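Here are a few friendly notes to read with the model open beside you. Take the points in order, and find each residue on screen as it comes up.

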Amino acid sequence: FRILHAIAAIALFLSLDMAHATAPEATARNLTVASPERRVALVIGNNAYQHVARLNNAVGDAKAMAQELRGLGFDVIERHDVDQRNMKVALREFVQRIGNGGVGAFFYAGHGVQEGGNNFLLPVDVSALSDPAALPDEAIELNGDVMARIGQSGAKFSLLIIDACRDNPFPKRSGR
C-alpha cells in the first residue's frame, strides 16, 4: 500500500513537470518544446541477509517499484540481495547517469538502522555487529553515501524513497 502511494506521488510530479515543459507559453517563447529529461532510477531490495534476520517482502517491493518506474519512463537500475560493494557500484552508476540535469529516483527496501543520528542502509553481507561504531565500515550511510552524492551530481530533481525495516537486527549490547 505504501508503495502505491509513492508511485502515485512520482506520477503526479512527473505529469506536472511534463505539463510545464510543454506549456504553450514555453513553446511560443522558445519556438521549441523542451525534450523530455533523462530519467534514471536505482531500485534496491534486500531480503537475503547472511548474518542478521532475513526479510520477506523487500525484493518483491523493489520489483513492483521497478516495474512502475519503467512504466513512467525511467531507465531502471535494479538490484536484489546486494552486498556492500555492489550497492556502492550501483550507486556510482546511478549518480553518473543522473548528473548534469537528469531526474533520479532512488528506492531502497531492506534493513535500515539509525545510530548516532545517522541512518544506514544495510547490505546483505553486513556482519552481526556488536559495536555500532563499525556501521560506517559495513553499511551505506544515507546522508553521506547516498544523499550527498546525489546532491553533488547536478541532477535536476531527485526523489528518495526508503522502505526500511527499522527493527535493529543486531545483537543487544550489555549495559543498555
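How many nonpolar, polar and charged residues are in the lining of the second largest cavity?

1. The answer is seven nonpolar residues, no polar ones and one charged residue. Please keep in mind that this is a predicted model. The lining residues to look for are Leu42, Ile44, Met87, Lys88, Leu91, Phe106, Ile140 and Val146. Strand E1 (39-45) and helix H4 (84-98) are the elements that each give two or more residues to this lining. The largest share, three residues, comes from H4.

2. Now for the cavities themselves. Rolling a probe the size of a water molecule over the atoms shows where empty space is left. Searching the whole structure turns up two cavities of 30 Å³ or more. The second largest cavity holds about 40 Å³ of space.

3. Reading from the N terminus, the order of elements is α-α-β-α-β-α-β-β-α-β-α-β. Of the 176 residues in the protein, 41% are buried.

4. Back to H4, where you can check a length for yourself.

5. Which residues of H4 are buried? They are Gln84, Met87, Ala90, Leu91, Phe94, Val95 and Ile98. Looking down the axis of H4, you will find these buried residues within an arc of 135°, so they line one face of the helix.

6. Just past the end of H4, look at the backbone of Asn100. This residue takes a positive phi of about 55°.

7. Finally, visit the loop between helix H6 (142-152) and strand E6 (157-165), where Ser153 is found. Is Ser153 buried or exposed? Its relative accessible area is 11%, and because buried means under 20%, Ser153 counts as buried. A polar atom of the Ser153 side chain lies 3.2 Å from the backbone nitrogen of Ala155.

Terms used. Residues numbered from 1 in each chain as written. Predicted model: local features only at pLDDT ≥ 70, side-chain atom pairs only at ≥ 80, totals over all residues. Heavy atoms only, no water. 1 Å grid on protein atoms, 1.4 Å probe; cavity = no way out; pocket = protein on both sides within 12 Å on 5 of 7 lines; lining within 4 Å. Points joined across faces, edges and corners; volume = space filled by probe spheres on them. Helix = DSSP H or I, 4+ residues; strand = E, 2+ residues; numbered from the N terminus. Nonpolar A, V, L, I, M, F, W, Y, C, P; charged D, E, K, R; others polar. Buried < 20%, exposed > 50% of the residue type's maximum accessible area, 1.4 Å probe, protein only. Arc of directions from axis to C-beta. Polar contact = N/O pair within 3.5 Å; in protein donor to acceptor, adjacent residues only side chain to side chain.
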